[in-house]
Amino acid sequence: MRIAIVGAGSLGTIVGAYLADGGLDVELIDAYQEHVDALNQTGAKVTGTTEFQAKVKAITPDQKSGQYDLVLLLTKQLYNDSILQELIPFLNEDSMVCSLQNGIPEEKVASIVGEKRVIAGSVEFGATFIEPGVSSLTTEYTQFKQYAFQIGELNGEITERIQRVKSVLDLVGGTHISDNLVGTKWSKLLINNAFSGLSAALNGEYGDIIDHEAGIVSAAHIADETIKVARANGVTLVKMNGFDIASLELNSKEDIPERVKTLRYVMEPSRLLKASMLQDLEKNRKTEIDYINGVVSSRAEGTGIATPYNDLVVKLVKSAEETQTVPDFDTNIKAFEKLLSVQK
């Protein structure tokens, strides 16, 4: 099996190191020339909760050749149109494209490479890019080896090919097959919407949202909108670490205090996290906001479901992108306070 890792950044470097060490034919593809050079010269080095180094083959996108049997897609969704169009000549009839991206990219990926090629995937470990050739594993090592990926067919079937992909990814870390991977990705999207989206829109860590009344109540409304839109799109949300995500739905305003209490409890261990989208704004880069909170806004069209809180997050983040500024917490929280007062 010939494998391509498209987007060999923080996560892809770690995946590539373990697959290459496992003896597989794998190419790490990335546009960052210094990173590609370092990978080829000194190998892929993994630091953090483990120390590991492996000799790998890395190339830039223009150096692709032949055909790949399995593509692990780890780029930002921002670039899917161009990346996937360029990938098509390097796919065969039975090639598999496993979407390991944030958000819900599968429909878009399928529209370009063909639905029969797509396998849904979810990364369950964290990593930080340190320098060219070096990536830090931030998830505790034993947890990583037990639970690194979820994968699944779009229709939920347990197929022979999904078992083959599992055997590949098991060389990296614990890989689990799901019969509702789309539901898993929507459940993860909900957390990203409520906290990563607000972190970027407000310029704060998750803890700043947890501790601010308007912030945490807005998070509850964002979660509620996501649940309602998912259901309207035929999606059944799955439990996350045993927690029933769908239980965050608001059936009336009287539910808000209980939902706030639950969110504060569930998210407390993550209070020091800062959204990668906020880090993008700090570097004057475009974010994936259209593929995070923007998914709820777009998928709500035609359903009759209003999504004012997700809409406001998108508006504020896009404003920061356009002006190349970092949001001001005190200024932008007022926009959410105003929305909450209007809905009382």
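Reading the features

Reply: This is a predicted model. Take helix H6, residues 160-169: Arg 161, Ile 162, Val 165, Val 168 and Leu 169 are buried there.

Me: How are the buried residues of H6 arranged when seen down its axis?

Reply: They fall within an arc of 110°, so they line one face of H6.

Me: What should I look for in a nonpolar core, and which residues touch the most other members of the largest one?

Reply: In soluble globular proteins, nonpolar side chains tend to be buried together. Here the largest nonpolar core has 53 residues, and those touching the most other members are Trp 186, Phe 195, Leu 198, Ala 219, Val 313 and Phe 336. Elements giving two or more residues to this core include helix H7 (181-202), helix H9 (213-232), helix H13 (308-323) and helix H14 (329-343). H9 gives the most, with ten residues.

Me: Which residues is Leu 198 in contact with, leaving aside neighbours within four places in sequence?

Reply: Asn 193, Asn 203, Ile 209, Gly 215, Ser 218, Ala 219, Ile 222, Val 313 and Phe 336. There is also a second, separate core of 39 residues, whose members include Leu 70, Met 96, Ile 162 and Val 168. Ile 162 and Val 168 were among the buried residues of H6.

Me: Asn 203 came up as a contact of Leu 198. Where is Asn 203 placed, and what is its phi?

Reply: Asn 203 sits in the loop between H7 and H8. Its phi is near 70°, a positive value in a residue other than glycine. Asn 203 is partly exposed, with a relative accessible area of 30%. Gln 324 also has a positive phi, near 50°, and is likewise not glycine; its place is in the loop between H13 and H14.

Me: Now the strands. In what order do the four strands of the open sheet lie?

Reply: Strands of a sheet pair through backbone hydrogen bonds, either parallel or antiparallel. In this open sheet the order is E4-E3-E10-E9, and the pairing is mixed. Strand E4 (52-54) and strand E9 (127-131) stand at the edges with a single partner strand each, so one side of each has no neighbour in the sheet. On average, neighbouring strands are turned by 25° against each other, direction ignored.

Me: How many bridges join E3 to E4?

Reply: Three, and strand E3 (residues 44-48) runs antiparallel to E4. Val 46 has Phe 52 in E4 as its bridge partner.

Me: What does UniProt place at residues 3-139?

Reply: An unreviewed UniProt entry places the feature "domain: Ketopantoate reductase N-terminal" there. In the model, residues 3-139 are 28% helix and 36% strand, and the end C-alpha atoms of the span lie 25 Å apart.

Key:
Residues are numbered from 1 along each chain as its sequence is written. This is a predicted model: local features need pLDDT of at least 70, side-chain atom pairs count only at pLDDT 80 or more; totals for chains, interfaces and linings use all residues. Side-chain values use heavy atoms; hydrogens and water are left out. UniProt positions are given in the numbering used here, feature names are shortened, and annotations may be inferred rather than shown by experiment. Buried means under 20% relative accessible area, exposed over 50%, partly exposed in between (1.4 Å probe, protein chains only). The arc is that of the directions from the helix axis to the C-beta atoms. A nonpolar core is a set of buried Ala, Val, Leu, Ile, Met, Phe, Trp, Tyr and Cys residues joined through side-chain atoms within 4.5 Å. Contact means heavy atoms within 4.5 Å. Two strands pair if DSSP finds at least two bridges between them. Axes are lines fitted to C-alpha atoms, for helices over the stretch in contact, and angles run from 0 to 180 degrees between N-to-C directions.
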